[in-house]
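The structure is shown first, and the description follows.

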Amino acid sequence: MRRLQEDSEPRLSHGFSIRRMTLDDLTAVMALEQAAFKNPWSAELLKRELEHEWSTILLVEEPRESVPPLLLGLAIFWIVHDEVHVLNVATAPQHRRRGVARAVMEEVLERGKGRRCCLATLEVRKSNEPAIQLYRSFGFRPVGIRPNYYADEREDAVVMVLDF
Ligand SMILES: CC(C)(COP(=O)(O)OP(=O)(O)OC[C@H]1O[C@@H](n2cnc3c(N)ncnc32)[C@H](O)[C@@H]1OP(=O)(O)O)[C@@H](O)C(=O)NCCC(=O)NCCS
């Protein structure tokens, strides 16, 4: 699968700039992962995602004058056949409730629709109320439970699906 040129161009959405991650972003992305999650993705895992044609890591940045943009959030998703699978969404703790996750999820779903996907799926911790509310607000609905999916704390995952 060839990457389209426009696929890599930054896009403005709700005042944020959204673009694909590159290897140069690794340090900043690791810092965001560590701030956002108790069990952050490792550098190795992130690097591997960058190599997978089916995987996309989108970064949400705040454009600033005279200094480089500030990384506010990210989303990692796969497109496999007709399905968008969302693996990770995170916003830097000090920038939450500003619409960062909403902006990146909109972009993820738009890209999926643009690639003729017909549904989006994800797993989310049962206790993660902010994320479940976020996904519900896009129309995702819970369709099942994966018991002890998160082995670290033996927490169940809720499987959510959105039909396009
Ligand atoms: C979940 C998370 C990504 C939301 O990011 P955010 O940028 O603050 O979300 P937004 O400002 O775009 O909010 C969009 C919607 O999500 C829901 N939401 C977000 N935070 C919420 C909270 N603390 N409580 C309830 N609903 C919440 C709301 O529906 C909100 O819409 P509203 O502001 O109009 O009410 C963020 O809390 C986060 O990074 N959490 C840690 C990482 C994580 O758990 N990721 C998801 C699992 S992969």
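The ligand sits in the largest pocket, where a pocket is, on a 1 Å grid over the protein atoms alone, an open set of points at which a 1.4 Å probe fits, with protein on both sides within 12 Å along at least five of seven lines, and where a molecule sits in a pocket if more than half of its atoms lie within 2 Å of its grid points. This is a predicted model, in which local features need pLDDT of at least 70 and side-chain atom pairs count only at pLDDT 80 or more, while totals for chains, interfaces and linings use all residues. Residues are numbered from 1 along each chain as its sequence is written, and side-chain values use heavy atoms, with hydrogens and water left out.

In total, 19 residues surround the ligand (a heavy atom within 4 Å). Helix 5 (129-137) is among the elements that supply at least two residues of this shell, and helix 5 gives the most, with five residues.

| Residue | Protein atom | Distance |
|---|---|---|
| Thr91 | polar side-chain atom | 2.8 Å |
| Arg96 | polar side-chain atom | 3.2 Å |
| Arg97 | backbone N or O atom | 2.8 Å |

The protein covers 76% of the 910 Å² of accessible area (Shrake-Rupley method, 1.4 Å probe) that the ligand has on its own.

Strand 5 (83-91) also supplies at least two residues of the shell, and Asn88 lies in strand 5. Asn88 is buried (under 20% relative accessible area), at 4%.

Notes: A polar contact is a pair of N or O atoms within 3.5 Å; within protein, one must be able to donate a hydrogen and the other to accept it, and residues adjacent in sequence count only if both atoms are side-chain atoms. On a 1 Å grid over the protein atoms alone, a cavity is a set of points where a 1.4 Å probe fits but cannot get out, and a pocket is an open set with protein on both sides within 12 Å along at least five of seven lines; lining residues have an atom within 4 Å of a point. Helices (H or I, at least four residues) and strands (E, at least two) are DSSP runs, numbered from the N terminus. Buried means under 20% relative accessible area, exposed over 50%, partly exposed in between (1.4 Å probe, protein chains only).
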